[in-house]
Amino acid sequence: RVVVSQEPVAGQHVRPRGEDARAGDVLAPAGALLTPALLALARSAGCAEVEVLARTRVAVVSTGSELTEPGVTPGAAGIHESNSAMVAALAAESGCEVTRVRTCSDDAAELESLLGELDAAADVDLVLTTGGVSQGAFEVVKQVCGPLPTFTFSHLAMQPGGPQGLGRLVYTPVVCLPGTPVGAFVSFAVLVRPALDVLHGLPPRGAKRAAYVGPTRRTRVGKVQFLTAVHTPEGAVSPARGHHLSALAAANALIEVPERVDRLVEGDVVAVHLL
């Protein structure tokens, strides 16, 4: 036996047609990120297909004869290779599909052959290289790509990440990042990620303003500096603890210091790029 002790209300526990979305409603504006929730909304409205921008398919090439693969003990002149994994992760985090990750020596013929292979690959839309673009006598990326009329190499007035290269092989664009890990990271965050956002139809990521908290820090006049930092929910930003990669690993933001500023003092309002 069932006893109903309450009077039902008309329409109670009934979902009317069009409650979630009516015919003709805009479910998402152009350029919106296709999230799992938006996908469910589209499917629930009967949308079998949606037009999207394709992920950029990226190949990452880390250069340097001193680099050793994971699991291999470096010799007296070697170092553990870290750039390729870092840049590949940054690209994936930016919405790309990473299709190739390679390490190449400083042999020009080897790099030329590898770039030719990537240029002809159907699953590569963009090549990101690290290393071989500085001022040394044998910078392999500059050696191979510098003579091509479609490439430009320059030293930007920024620190870290001054040495940069940009160009195109026969078919495929190439961005040449510096070889220092922090320089490659900052270059990607400041120069590459905004371009990828445009390709993927995402809105620009503007800098935030925050109050600097920490010891007085002298900065280099004449270059825009990007300092690894920790941004708090309260709107303050402090230098990240550590040096080089340990500070980068502890950071969640970059402080942008204009080229005419020679020091940061506690209380200064600074531009902050969240990572």
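## A first look at this predicted model

The backbone oxygen of Gly183 lies 2.7 Å from a polar atom of the Ser187 side chain; a polar contact here is a pair of N or O atoms within 3.5 Å, where one must be able to donate a hydrogen and the other to accept it, and residues adjacent in sequence count only if both atoms are side-chain atoms. The model is a predicted one, in which local features need pLDDT of at least 70 and side-chain atom pairs count only at pLDDT 80 or more, while totals for chains, interfaces and linings use all residues. Residues are numbered from 1 along each chain as its sequence is written, and side-chain values use heavy atoms, with hydrogens and water left out.

Ser187 sits in helix α5. Helices (H or I, at least four residues) and strands (E, at least two) are DSSP runs, numbered from the N terminus. Ser187 has 0% relative accessibility and therefore counts as buried. Buried means under 20% relative accessible area, exposed over 50%, and partly exposed in between, with a 1.4 Å probe and protein chains only. Leaving aside residues up to four places away in sequence, Ser187 touches Gly161, Gln164, Leu177, Pro178 and Val192; contact means heavy atoms within 4.5 Å. From Ser187 to Gln135 there are 52 residues in sequence and 17 Å in space, C-alpha to C-alpha.

**The whole chain**

Stepping back, the protein chain has six helices and 16 strands. Its C-alpha atoms fill a box of roughly 90 × 50 × 40 Å along the principal axes. The radius of gyration is 25 Å, whereas a compact globule of 275 residues would have one near 19 Å; this radius is taken over C-alpha atoms, and the globule rule is 2.2 Å times the number of residues to the power 0.38. Of the 275 residues, 35% are buried. Among contacts between residues at least 6 apart in sequence, 62% join residues at least 24 apart.

Helix α3 covers residues 108–120. Its 13 residues should span 18 Å at 1.5 Å a residue, and its end C-alpha atoms are 18 Å apart, which agrees; the expected span is 1.5 Å times one less than the number of residues. Which residues of α3 are buried? They are Leu111, Leu114, Leu115, Leu118 and Asp119. These cover an arc of only 135° around the axis, which puts them on the same side of α3; the arc is that of the directions from the helix axis to the C-beta atoms. The face turned away from that buried side carries the exposed residues Ala109, Glu112, Ser113 and Ala120. Cover for the buried residues of α3 includes β1 (57–63), β4 (97–104), β5 (126–130) and α4 (140–145). At the start of α3, a side-chain oxygen of Asp107 comes to within 3.2 Å of the backbone nitrogen of Ala109.

In helix α2 (residues 83–93), the buried residues are Asn83, Ser84, Met86, Val87, Ala88, Leu90 and Ala91. They pack against β1, β4, β5 and α5 (181–199). Just after α2 comes Gly95, with a positive phi of about 95°.

Thr130 lies in strand β5. Its contacts, not counting residues up to four places away in sequence, are Val61, Ser62, Thr63, Asn83, Val87, Leu177, Pro178, Gly179 and Ala184. Gln225 belongs to strand β12 (residues 224–231).

| Residue | Relative accessibility | Class |
|---|---|---|
| Thr130 | 1% | buried |
| Gln225 | 9% | buried |
| His244 | 65% | exposed |
| His13 | 78% | exposed |

**Backbone details to look for**

Both histidines in the table have a positive phi. For His13, phi is near 65°, a positive value in a residue other than glycine, and this histidine is found in the segment before α1 (36–44). His244, which is not a glycine either, has a positive phi of about 55°; its place is in the loop between β13 (236–239) and α6 (245–250).

Where is the cis peptide bond that involves Pro160? The bond runs from Gln159 to Pro160, with omega near -5°. Pro160 itself is in the loop between β7 (158–159) and β8 (163–168).
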